[in-house]
Amino acid sequence: MQTKRYFASRRDFLAAGGFLAASAALAPVAAYARDPRLGALPPTPKPGGPPETRWAQLSKALSGRLLRLGDADYQVIALPNNLRYAHTLPQGVARCASADEVGFAVRWARENDIRPIIRGGGHSYAGYSVTDGLLIETSLINHAHYEKTTGVVRFGAGARNRDLYRRLRAEDRAVTHGRCPSVGAAGFLLGGGIGFNMRAHGVACDQLVDSKIVLADGSQRSLSKTAPDARDRDLFWACQGGGGGNFGVSTEFALQTFDVKGKVVTVFDLSWSRTPEIRPAVSVEALGAMLMEALNAAPGKLGSRVSFGAITPLQYKAGYDVPISVLGQYAGPREELLKILKPVLDAAAPTGGAGINELPYWAAQDFLHEDGFATFYQERSGFVRNPKFGLEDLALGFKHLRQWPGVNGYCDLRFFQTGGAINVPKPGDTAFVHRDSHWLMVVGLYWSEGDSHNKILLDANRVWQDEFYAAMWPRAGGGAYQNFADPSLSHDPSKSDYFATAYYGENLDRLKAIKAKADPDRVFNFSQAIPRP
């Protein structure tokens, strides 16, 4: 096995801001000197709610803990990953350690006329795991058990990705998983679950074997494809991509794993910059299109993510251009990957990144992993179904990337490679309907706490993002990823349930019917919950 690192560490490259570090005088780059989360907190939660005697009743029922304002860990637990929504604080946080405790908390919320919201990892892109009512927090339900005879891993809904990875690593097994260890495994799975394994093994929800859920009446149900009760079979189907928080509080999942013992994975992290000093012969548009074409033609054992960074007009005028980076893994030797990338590498040598490494599977995931941190952001997504998506489309994207107003953060046009095994099931086989794409496109905008107080600048960036997305989305072909919840996908006046159609397509009517049966009073509700029939 050949292992070689060609460039400086990827983390060093990102920390330095890549080519933008050289132009710091032209536009600032994100560099947090402190954790901004506590500064984003409002002083108190919304007043009102149940009397203290009722809160005491809930507290006695929890082996975990009921957190109220002023309690230790209240602020840490209450804060979401997306600090745009840190201004909403719960009146109480019910830290449930079992399905029975979840059931009690749900019934208590109904009896006391207080809105319950569910949180596993707190990474809801649109802030749907924050509330001014009762936060049902499941991180204490974090067991993970591997069944050697079946190859199934069973884990609690409070487990984070890191908990699942630790258990699977010990068994030399894997599932389709993401890169951020702090993401809640439940939310990741319920919305579909994308990762570098998906072209070879499908999205994570395709690997779901069974699940357990607490419904709006506090009852507990066991879900599977072969459950005796048709309602439980329907709910199982809905949990395969129907989105978290819609049908009840999931408390346990079982996934079918696959073997990675002795598997060698070639991981890669490459980037290309164009600066006044670095002038590749090929244009960045042509290089980006060449890269995506090479990756798109590769077999399913390759998974990748391509990112094109935004620059300000001032930076572009000074001789900088859109930076390109690609990150991914190939379930095969380095030589095969180099053949796939040869047209791109021949056209322009990478100028940065952590290089190419052959590693055992879980060591490769250490190379790829990304530590998530709380910040302010919005992502707008679209599945690329257009088979002719290419140079002309990227040229339009690059035009917008060069018009970025600039914030103390970063923005990009990003593509997660789909296709392969994802597209094998039919759209109706699971609630995850997106079965005909080549890429998942994202227009991402990330900003700092300081930017949040600069309304003119932030408004300019939001307008830029919306115009960028409006230009690119029709070229992609349609649909949006439900796990990248986008609050800007509001109801289109000309089209009913616009956001829900984008997330669920032809599966929407069935999901509406399942939601109506499982939660007729809409106890579990938020602005982009499954709509009424």
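Contact means heavy atoms within 4.5 Å. Helices are DSSP runs of H or I, at least four residues, and strands are runs of E, at least two, numbered from the N terminus.

The model is predicted: local features need pLDDT of at least 70, side-chain atom pairs count only at pLDDT 80 or more, and totals for chains, interfaces and linings use all residues. Residues are numbered from 1 along each chain as its sequence is written, and side-chain values use heavy atoms, without hydrogens and water.

## Length and end of α15

Helix α15 covers residues 455-476. At 1.5 Å a residue (times one less than the number of residues), its 22 residues should span 32 Å, and the end C-alpha atoms agree at 31 Å apart. G477 follows α15, with a positive phi near 120 degrees.

## Helices α2 and α4

Helix α2 (residues 52-61) packs with helix α4 (residues 99-111) at about 170 degrees, their axes 10 Å apart. Axes are lines fitted to C-alpha atoms over the stretch in contact, and angles run from 0 to 180 degrees between N-to-C directions. So α2 is roughly antiparallel (over 145 degrees) to α4.

From α2, R54, W55, Q57, L58 and A61 meet E101, F104, A105, W108 and E111 of α4.

Definitions and conventions: Angles under 35 degrees count as roughly parallel, over 145 as roughly antiparallel, 65 to 115 as roughly perpendicular and the rest as oblique.
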